[in-house]
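Trainee: Could you take a close look at one part of this protein with me? I would like to see how that part sits in the rest of the chain.

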Amino acid sequence: MRTLFLASLAGSLLLASCATPHDATSVASLPASALKSARCASNLLAVDTDFPAGALASCTVSDGTNIAITIAPEDEPPINPSPWYAFRVTPAAPTEMKLSLSYTEHGHRYWPKISYDGVTWTYLDQGQVKVSELAGSKMARIALESDGRPFFISAQEIVVPATYDKWLGKLERHADASRSVLGQSAEGRDIPLLTIADPFSQQRESIVLVGRQHPPEVSGALAMFPFVEELLADNDLARRFRARFQTVVVPMLNPDGVVRGHWRHATGGVDLNRDWGKFCQPETRLMGDMIAAIEADPARNLTFFLDFHSTQKDVVYTLSKDIETDPPGFTDAWLADYQARVPNYEVVEEPGYSAGRGVSKNWIYDEYGVPTATFELGDETDRELVKTLGTAAARAMMKTLLETESE
Ligand SMILES: [Zn+2]
């Protein structure tokens, strides 16, 4: 029965693609993979998650084109309310369809985005998505008109190891950038690392940047890209910065969680950003060892640590104002300069400190006494603005650090 249905769907997919009858490989490849790994299907469409970051708990199709998707976290609650989902729909032909997204925990949060190539993303229109409350939990209903092409629906843009690989491949061509790996994740994936410094100078001061401790926090990654690119800019500020400072960039600390489409954790069932100091997880342990090696190196000296994340709004979590750091006063000066560069935008700072929770920002301050911050972007902050903010924050950081006294 199943074989028959698959054959008929494959047949209609080929018919639907008659515009390019000679391009047999590209026509056949996508439908075959979608069918082979379908999580649910009808004779009119198939839904799969067989790509990095693809994730849903279960799905069913009724009446040919009504897709009901259930989304659940990777581990038993309590878990942070970051209900990630990403799936691909392969229609057999142009058709109208309805999708529902229901959640076992916390309810709907991320506005659905659509892509045909997994690279260029568009927000679904207000009119296409209805968010409603069902038994105390938010769910979403989506109405779509498919033109027959397969498409992805995802909680956020899909930014996965291949995305970082491509990005780093571009950056590593710069004479002041060198690419390596921090080490391997629990599942053996490379954790990429980029070091930025003028190779002809003797840097003593090190900046450490980290991203993607939390897999769904893509807007933080979208700010980190322009931030890091700005450090490699061909201008006087960036050149002077690279001559004096070394920046160590770990843009994706949790590749396992990213690839698996986790809400929060790596594969150890633990929030990595509650593991600093304990270092029970291989990913955080690698960071701890790397930073310890910077401090142990007489030629280097940790100066500033910044951790990129996403939450409901744009906010910079800093250390409490009564905390003295070395260098002193950096954070206030950095954020003032950052604010001055984005005059029509309000930089929101929330100072705080809690010892013993395993949060990177607090643990690194405790251990090394340097200024630290968590740079959070809102889930749905306008993507052009995210770019502007990443660039402005990087320029402000470089200028402020260059104005600090060198020992
Ligand atoms: Zn986070």
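How far apart are the end C-alpha atoms of residues 157-401, and what share of the span is helix and what share strand?

Mentor: Happy to, and please keep in mind that this is a predicted model. The end C-alpha atoms of residues 157-401 are 32 Å apart, and the span is 39% helix and 22% strand. The name for this stretch comes from UniProt, where an unreviewed entry places the feature "domain: Peptidase M14" at residues 157-401. The domain assignment divides the protein into domain 1 (2-154) and domain 2 (161-403).

Let's begin with a salt bridge. The side chains of glutamate 157 and arginine 383 meet at 2.7 Å, N to O. Glutamate 157 lies in the loop between strand 11 (151-154) and helix 3 (161-171), while arginine 383 lies in helix 10 (residues 383-403), so this pair ties together parts that are 226 residues apart in sequence. As a general point, side chains of opposite charge can pair when their charged atoms come close. A search of the whole structure finds 25 salt bridges.

Now for how domain 2 meets domain 1. Their C-alpha centres lie 34 Å apart, and the contact takes 16 residues from domain 2 and 22 residues from domain 1. About 1600 Å² is buried between the two domains, with carbon and sulfur atoms giving 55% of that area. On the side of domain 1, Glu74, Trp84 and Arg109 supply 34% of the area it buries against domain 2, more than any other three residues.

The polar side of this interface is worth a look too. Between domain 1 and domain 2 there are 10 residue pairs in polar contact, counting pairs with both residues at pLDDT 80 or more. By class, the side of domain 1 that touches domain 2 has 13 nonpolar, four polar and five charged residues. The rule finds two salt bridges across the interface. Elsewhere in your viewer, you can pick out lysine 113 and glutamate 380, whose side chains form a salt bridge at 2.9 Å, N to O.

Leaving aside neighbours within four places in sequence, threonine 120 is in contact with Ile114 and Ser115.

Key: Residues numbered from 1 in each chain as written. Predicted model: local features only at pLDDT ≥ 70, side-chain atom pairs only at ≥ 80, totals over all residues. Heavy atoms only, no water. Domains from an automatic or database assignment. Contact = heavy atoms within 4.5 Å. Buried area = accessible area lost by both parts, 1.4 Å probe. Salt bridge = Lys/Arg side-chain N within 4 Å of Asp/Glu carboxyl O. Polar contact = N/O pair within 3.5 Å; in protein donor to acceptor, adjacent residues only side chain to side chain. Nonpolar A, V, L, I, M, F, W, Y, C, P; charged D, E, K, R; others polar. UniProt positions renumbered as here; feature names shortened; annotations may be inferred. Helix = DSSP H or I, 4+ residues; strand = E, 2+ residues; numbered from the N terminus.
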